[in-house]
Amino acid sequence: MTGKRMLSCIVCLTLLLVLGGCQLKDIDKRYFVVSAGFDYSNDPAKPYRVTLRLALPSSKVEEGGAMSVVQTVDAASIAEAVRHLKATVDKELEFGHCREFVLGKELVAKDGIYNSMQWLSRRRDIQSVSNMMIGDPDALSVVSLKPKSERYPGNSLFLSFGNEGTESAHTVTTYLFDLYRRLYETGLDPALPVASVFLDAYKIDRAALLDKNKARLYLDPEETLLFNMTAFGVDNTIIVLPDKPLNIVLAATRNTSSIDLKGGSDPVAVVNIRIEGFLEQSPPHLLEEDWSGLERKMAKHFAEEAERMLYKIRDAGVDPYGFGLHYLADRHNAKGSWEKWKSLYREIRFDVRAKVSIQGSGLIR
Amino acid sequence: MIRYYYYHIFYVGMMNIMVLVPYVLISHRFDGAVSSFPLAIACGTLYSFVTSSVFQRFPGLGLPEIYKLFFPVWLANCLNIIGVVIWSSAGIIVLFSYSNTIGIFFDPEASSYLNLGIMAIASLWAATRSSRSVQFAHEVLLVVSSPIVLWILSKALFSDWLDWDAIRLVAGAGIRKPPSMACFFAASFVFSGHMNITLFNRLHPPDLKFRFRWMIPIVGTFFLLVSFFVPIGFHGTQAVGNYLYVWSVTTDSLMMKYGFIQRVLYLFLLLYTFLSLLFVMNTWHTGMEFLKACFKRYKPLTDEVNVPAVNWWICSFWVVVTFVYAYYTNDLLNRVVAEMWLITHFIVESILVFMLLAFWYMKKKGRMRRSEASLAPQGGGS
């Protein structure tokens, strides 16, 4: 090829690159949705109330400088509501940065999560690692809160989950793909964190346990802590041993848990948990007197509390730990084993095998 | 030089995701996918050993030249044409699935023909190069992309969200079912990297020894198990069946918390852009060389500096076919076509392996029509 022909070829090819811009909207023609809430509106014709929090991009990034607007609309389905919402804003809605989806408590009670999940799992721009939660009393109040501590719109809520910002042991983290898996899986049921507004912040210290569609049981904060430790093995938690005049508190830094089924035809559900940590609050010289005795006492107390919670979960008829899936995996999904498990689970006994190891007294002086 | 042979083994192992192999396997996860794995591993390994051993006996000859050694011209040409169809259609299917995936996850607003067009032009240019250039491009792209692919795979394997109970359930239940044919065909694709030797044997020096062949079953088994079980671990035994682009959704379930972009999906799609380009380049180039071998005046060259115009014509024809295919097909149809291709591919591969064994025997007996030296490819470089 001669130089001239080569050059013209290159020019033609470069022009092709420009074509990519033809069907693309610029960033300043887009509204970034930062959190979305779905509520039940009590209107049978338009049961879904969709609330979107839209970020206003700003050049400054500073605490309290986050600007956003909240839009809400009622419609017969979530998809229609989102389409309808587009008529009320001047820019294209973009869900690619939306990582918080709040389902109203009433929606979960009346309509269930199944219909909402259908929309969420089909949208290609919605991340599979979005955080899912239940809004108490409704999603609107959670979505429309604008905390002062936000550096950019919506970051306060997603920093609450996982271990990105705060590492709260009361906060159950459920991703969209995990919820979708639990929605369909035999022998593994969904669990969702419950978020509510408290002063100028979010309070996410409870968990809701669902059957395949609706909420069956709301755990209180203490149970949520136990549930989070035993089911998800979150680190950085505490365990408390009641004592006079002051409770003994262990700050756990490492925590591993696993489930198992022991025994043949009449199995016992076993939860193994290993907790490592140091004492954060205790009477002086307690540890030196009886180190291993204290470890055993804490483990026994923890196991009793956890077993009480497990029986409560069992009696609600849900299985967020996946004991059923474990049973089926042990039985190689043989015919009839699922029916057998369903009758077994109603009467199953739990055995929490906790092992606490105290690394130190926590004293620095 | 032997590394070029293993590059093919390695990248076909990674490419299985784009030819919808995981989709086929996962849709049969409760009836015979798992039990077909041992068969596929045994069969794929055996075929790799046979082809490499036979081609070692014909140093520097591609498959078209070997056909000419033993067959009359008309029969050799017929067999070449079968090769052309199998190879080039693989490239077309991959190009379509790739541009569809990109259209869904990367740039939903742009026309899917735009993605297809850009990729097709890149593939067209890459495939028309000389065999040697193709081999070098292959090395560069693979060396760039495979560490990151392996990183993503290991990130998925060691994730806390991977549910080993679901994997155990599918493995335990599946191994007890009789193997399914469709899954056997699909799973053996993972091992079919050795087929690229049919053309690239032209570049192999006469004294080449195929060492490290024990790696083939290990590499293939690893990619087969990972591409089947990791999506099940992430999406559960039931929900995993609801996804078509199951690996794109699986990588989207991973997070790079401190990465420049947190969605692993985008990194994954970028890597599969490389791998798809690699695959289309290899298949179209092989198809092109097989087609050229049907002409009487054709002399096999491996290192041309200026590629002949006929290269452009042949590959442009495949670009046109790709667009026609993209116009008339959709996701659903493409799934069926991909499954059919996997089946045909395996059958053709099996016939070829038996033919190769026959060639080996005939060479020992000295029943050759022509001399090997007269057919050996020339460099062609100036």
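Predicted model: local features only at pLDDT ≥ 70, side-chain atom pairs only at ≥ 80, totals over all residues.
**View 1. An open sheet of four strands in chain A.** The strands run in the order β10-β11-β12-β13, with mixed pairing (two strands pair if DSSP finds at least two bridges between them; strands are DSSP E runs of at least two residues and helices H or I runs of at least four, numbered from the N terminus). At the edges sit β10 (237-241) and β13 (349-360) of chain A, each pairing on one side only. From one strand to the next, the twist averages 40°. Five bridges join β10(A) to β11 (residues 248-262) of chain A in the antiparallel sense. Helix α11(A) packs on the sheet, where it touches β11 and β12 (268-281) of chain A, and its direction makes about 40° with that of β11(A) (axes are lines fitted to C-alpha atoms, for helices over the stretch in contact, and angles run from 0 to 180 degrees between N-to-C directions).

**View 2. Two helices of chain B that pack together.** Helix α9 (residues 181-189) of chain B meets helix α15 (residues 331-365) of chain B at an angle of about 75°, and their axes are 9 Å apart. That makes α9(B) roughly perpendicular to α15(B), a term used for angles of 65 to 115 degrees. Among the residues in contact are Phe185(B) and Phe189(B) of α9(B), along with Leu342(B) and Phe346(B) of α15(B) (contact puts C-beta atoms, placed from the backbone, within 7 Å).

**View 3. Where chain A touches chain B.** Here 26 residues of chain A are in contact with 28 residues of chain B. On the chain A side, α1 (3-19), α7 (176-184) and α11 (323-330) each supply at least two residues. The largest share, six residues, comes from α7(A).

**View 4. The two domains of chain A.** The domain assignment gives domain 1 (27-219) and domain 2 (220-365), with bounds from an automatic or database assignment. Their centres, taken over C-alpha atoms, are 30 Å apart. On the domain 1 side that touches domain 2, β8(A) gives the most, with five residues.

Methods: Residues numbered from 1 in each chain as written. Chains lettered and ligands numbered in written order. Contact = placed C-beta atoms within 7 Å. Parallel < 35°, antiparallel > 145°, perpendicular 65-115°, else oblique.
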